[in-house]
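Q: I'm new to reading protein models. Can we go through this one together?
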Amino acid sequence: MQAVTADPRLAREVSLPHAPTAGAGDDAIDQDAVLVAAHLAGDPLAFTELVRRYQGRLLAHVARMIGDRDRGEDLVQEAFVRIHRHLGRFDPRRRFSTWAYAIAGNLAKNELRDRRRSPLVLHQTLTEGRQDGDRPLEFPDSSTQPDRLYRQRRLRALVEETVEQLGPAHREVFLLRELEGRSYEDIAEITGCSLGTVKSRLSRARTRFADLIRPHLD
């Protein structure tokens, strides 16, 4: 595998599928700020590290939004080109991760608009009685239990088909909250919507998803 260069326009030198992801919390945010400042100060390796930290997460997010991992790689590469181009105008009071998600998400939405369809793959399941503070949806490990593994695969396929029926705006907030566990504040910044709009869309997305999938779970 070739090394990642500081210039993201050399797109294929970034190994998207296998890159490690950034951590969560204040430490990760502080490290992002340090890397942004270092890049703006002329450090040739700082942007490479930002790419390394976030390319995997952005690829997963974009691939689920558009339902195409290969095309998702192209869009994430384009996102990093734009990030690199506009990083000098980045507001340091914002989170770098939220800004990067917004750029990548906008590219994904443009892709869906161009296609005139809105597929999204969400390999997660519906749980009952979810609260706003719950962790992102997760599947238990059933690798050693063939019968449960079969049921899990069937349920995942059902979830994929159901999520594809959500409208693009509802699908986006559902993905960001239910799969990735993003805060309402982050989702509002990523989508460019108010907190009230985010909560309203998420509530409708959850209700619609539950209504669609419920008959198949009986």
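Predicted model: local features only at pLDDT ≥ 70, side-chain atom pairs only at ≥ 80, totals over all residues.

Q: What ring does Phe174 pair with, and how are the planes set?

A: Phe174 pairs with Phe209. The ring centres are 5.0 Å apart and the planes meet at 35°, so the pair is tilted.

Q: Which helices do Phe174 and Phe209 sit in?

A: Phe174 is in helix α6, residues 168-179. Phe209 is in helix α8, residues 195-217.

Q: How many aromatic pairs does the structure hold?

A: Six. One of them is Phe47 with Phe80, which is edge-to-face. Their centres lie 6.4 Å apart, with 90° between the planes.

Q: Why does the pair of Phe47 and Phe80 tie parts together?

A: Phe47 lies in helix α2 (residues 46-66) and Phe80 in helix α3 (residues 69-86), so the pair joins parts that are 33 residues apart in sequence. Both Phe47 and Phe80 are buried.

Q: Which residues do ring pairs link into a cluster?

A: Tyr54, Phe90, Phe96 and Trp99.

Q: New topic. Where do the charged ends of Arg177 and Arg182 sit?

A: Over rings. Arg177 has its charged end over the ring of Tyr184, 4.6 Å from the centre. For Arg182, the ring is that of Tyr101, and the distance to its centre is 4.2 Å.

Q: What about loops? Where is Gly67?

A: Gly67 lies in the loop between α2 and α3. Gly67 counts as partly exposed because its relative accessibility is 40%. The C-alpha atoms of Gly67 and Glu164 are separated by 9.3 Å, and these residues are 97 apart along the chain.

Q: Let's zoom out. How many helices and strands does the protein chain have?

A: Eight helices and zero strands.

Q: How much of the protein chain counts as buried?

A: 43% of its 218 residues.

Q: Last one: what share of contacts join residues at least 24 apart?

A: 68%, among contacts in the protein chain between residues at least 6 apart in sequence.

Note on methods
Residues numbered from 1 in each chain as written. Heavy atoms only, no water. Phe/Tyr/Trp six-rings, centres within 6.5 Å; stacked < 30°, edge-to-face > 60°. Helix = DSSP H or I, 4+ residues; strand = E, 2+ residues; numbered from the N terminus. Buried < 20%, exposed > 50% of the residue type's maximum accessible area, 1.4 Å probe, protein only. Lys NZ or Arg CZ within 6 Å of the ring centre and 35° of its normal. Contact = heavy atoms within 4.5 Å.
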